[in-house]
Amino acid sequence: MTVTVESARTYEVRTYGCQMNVHDSERLSGLLEDAGYVPAAEGETADVVVFNTCAVRENADNRLYGNLGHLRPAKTDNPGMQIAVGGCLAQKDQGEIVRRAPWVDVVFGTHNIGSLPVLLERARIAQEAQVEIKESLETFPSTLPTKRESAYAAWVSVSVGCNNTCTFCIVPSLRGKEKDRRPGDVLAEVRTLVAQGVLEITLLGQNVNTYGVEFGDRLAFGKLLRACGDVEGLERVRFTSPHPAAFTDDVIAAMAETPNVMHQLHMPLQSGSDRVLKAMRRSYRAERYLGIIERVRAAMPDAAISTDIIVGFPGETEEDFQATLDVVRESRFANAFTFQYSIRPGTPAATMDGQIPKEVVQERYDRLVELQNAISWEENKKQVGRTLEVLVAEGEGRKDEATRRLSGRAPDNRLVHFVPGDEVPRPGDMVGVEVTYAAPHHLVADGPALSLRRTRAGDAWEARRSAPAGAPSGVMLGMPSIGRPAPVAQETPGCSLGS
């Protein structure tokens, strides 16, 4: 169905949660621009506001309804304004959203994001809310129009959904069973992105290690990594998130032997206690997890490994928590995303006995953060004096303007703040810097940059910035765009609690 949109109707997409939601928001932006909408200017209230929600956090619904309440006066003043709610919370609550916030025009789920423009048009014509939730995937998101946030780095989805049954996670019931893209489709998207200037690709899936099971190839992910190594012009390949239970040695070999696959691994631990892992229904134990890390470091001694950890899972004892601290000490993570367990309605863990008092969870969490910060700092100090090639980023450092530094990512994904040389690099360019200082969560290179390599990605970023106002965005079906980015605000840290 073709949707006709009035001239100059503007939109804004607000993103909550994980990398998968960021990826979906790029598709939502592409869909809207393909239908004739344009991004709202900064500070302007858009004609269409889309909330792409997350249901992982306990207070996700409070945050959503609070933001919807803030928009109600604007909707009252401008009856033509439309509000849409999609994502995991929409999939979970469905009609409850319209009941609690009757000024919402459209509710759509995780399986039918491609329906958004049509649903907006239906709501406008019918003058009543449209709620459409599909229980299975309608169209693979990567086939939809897209509006990429970055000219130099991009997400590429290899699968959607998850076949695991972790007791703390609601993702499988909202995203559905795992569906894999064919390798040829993934590689076609990668090549198109590279042709448009992208240097760095992150392969994205709820559990990338099970990629290929659906079409009968359990070694498909390692093969995909190697195939990315044959894409000319692709300089950095990353992936998230793997599951320790399905992690195989062929993936380690592919990482070590493929030059453009970065020696960086984010692998969720969740707990170091075998008893808690069993209660979480995580099908591995601490020994297996540590064995993977040992083999990764044997193949790639410079590998930077990060993780996710949940503190205070129901029934967790002090002994269980100490087991987690022991694994953290042995693993020497570059960094860790640490979470205090919170009840997620609809998950088995929500009704388990032994819910831990908040003050106990907080005290354990503080000890874990203190330990990991100390380890991260020690590991970062080992980088002082090293020369790193940094991919210059846009807006990574909160204090860059005050310090006159720029920021970017090293090959192992460490954040580096650096002083440019006489020629200022653009986002997407590569600079060589010598690390002079280490903090727990970043590195600093205060000497002038040692080298600057101007790249196609930098050219793409510059072309996007210099495009005249109102120029076509270049949105394409299932392909990336280097036009001006849509206003997409990510309000919560990326989560891989389901991995």
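## A buried aromatic pair

Phe51 has a relative accessibility of 0%, so this residue counts as buried, and Tyr16, at 4%, is likewise assigned to the buried class. Here buried stands for under 20% relative accessible area, exposed for over 50% and partly exposed for what lies in between, with a 1.4 Å probe and protein chains only. The model is a predicted one, in which local features need pLDDT of at least 70 and side-chain atom pairs count only at pLDDT 80 or more, while totals for chains, interfaces and linings use all residues. Residues are numbered from 1 along each chain as its sequence is written, and side-chain values rest on heavy atoms, with hydrogens and water left out.

Rings of Phe, Tyr and Trp (its six-membered ring) are taken as a pair if their centres lie within 6.5 Å, and planes under 30 degrees apart count as stacked, over 60 as edge-to-face and the rest as tilted. Under this rule there are six aromatic pairs. One of them is the stacked pair of Tyr16 and Phe51, with 6.4 Å from centre to centre and 25° between the planes. These two residues are 35 residues apart and link distant parts of the chain, since Tyr16 is in the loop between β1 (10-15) and α1 (19-34) and Phe51 is in strand β3 (residues 48-53). Helices (H or I, at least four residues) and strands (E, at least two) are DSSP runs, numbered from the N terminus.

## Other ring contacts

The ring centres of Phe313 and Tyr341 are 5.5 Å apart with the planes at 70°, so this pair is edge-to-face. Because Phe313 belongs to the loop between β14 (304-311) and α12 (318-331) and Tyr341 to the loop between β15 (335-340) and α13 (358-381), the pair ties together parts that are 28 residues apart in sequence. Both Phe313 and Tyr341 are buried. Elsewhere, Tyr284, Tyr289 and Phe333 are linked by ring pairs into a cluster.

Charged groups also meet rings in this model. A charge sits over a ring if NZ of Lys or CZ of Arg is within 6 Å of the ring centre and within 35 degrees of the ring normal. The charged end of Arg100 is placed over the ring of Tyr65, 3.8 Å from the ring centre, and that of Lys381 over the ring of Trp377, 4.4 Å from the centre.

## Overall fold and nonpolar cores

The protein chain has 15 helices and 24 strands, and 57% of its 499 residues are buried. Of the contacts (heavy atoms within 4.5 Å) in the chain with a separation of 6 or more, 75% are between residues 24 or more positions apart.

A nonpolar core is a set of buried Ala, Val, Leu, Ile, Met, Phe, Trp, Tyr and Cys residues joined through side-chain atoms within 4.5 Å. The largest has 64 residues, and Ile201, Leu203, Phe221, Leu225 and Phe239 have the most contacts inside it. Helix α11 (residues 286-299) gives the most to this core, namely six residues. A second, separate core of 26 residues includes Tyr16, Cys88, Ile97 and Trp103.

In helix α8 (residues 220-228) the buried residues are Ala220, Phe221, Gly222, Leu224, Leu225 and Cys228, and they pack against α7 (183-195), β11 (200-204), β12 (236-240) and α9 (249-257). Residues up to four places away in sequence being left out, Ile201 touches Ala154, Val156, Val190, Leu193, Leu234, Arg236, Val237 and Arg238.

Thr240 and Ser241 are joined by a cis peptide bond, with omega about -5°, and Ser241 is in the loop between β12 and α9. Gln94, although not a glycine, has a positive phi of about 50°; this residue is in the loop between α3 (88-93) and α4 (95-100) and counts as partly exposed at 28% relative accessibility. Gln127, also not a glycine, has a positive phi of about 60°, is in the loop between α5 (116-126) and β6 (130-132), and counts as exposed at 66% relative accessibility.

Asp446 is in strand β21 (residues 443-448) and, at 39% relative accessibility, counts as partly exposed. Neighbours within four places in sequence aside, Asp446 is in contact with Arg405, Val419 and Thr436. The C-alpha atoms of Asp446 and Glu434, which are 12 residues apart along the chain, are separated by 8.0 Å.
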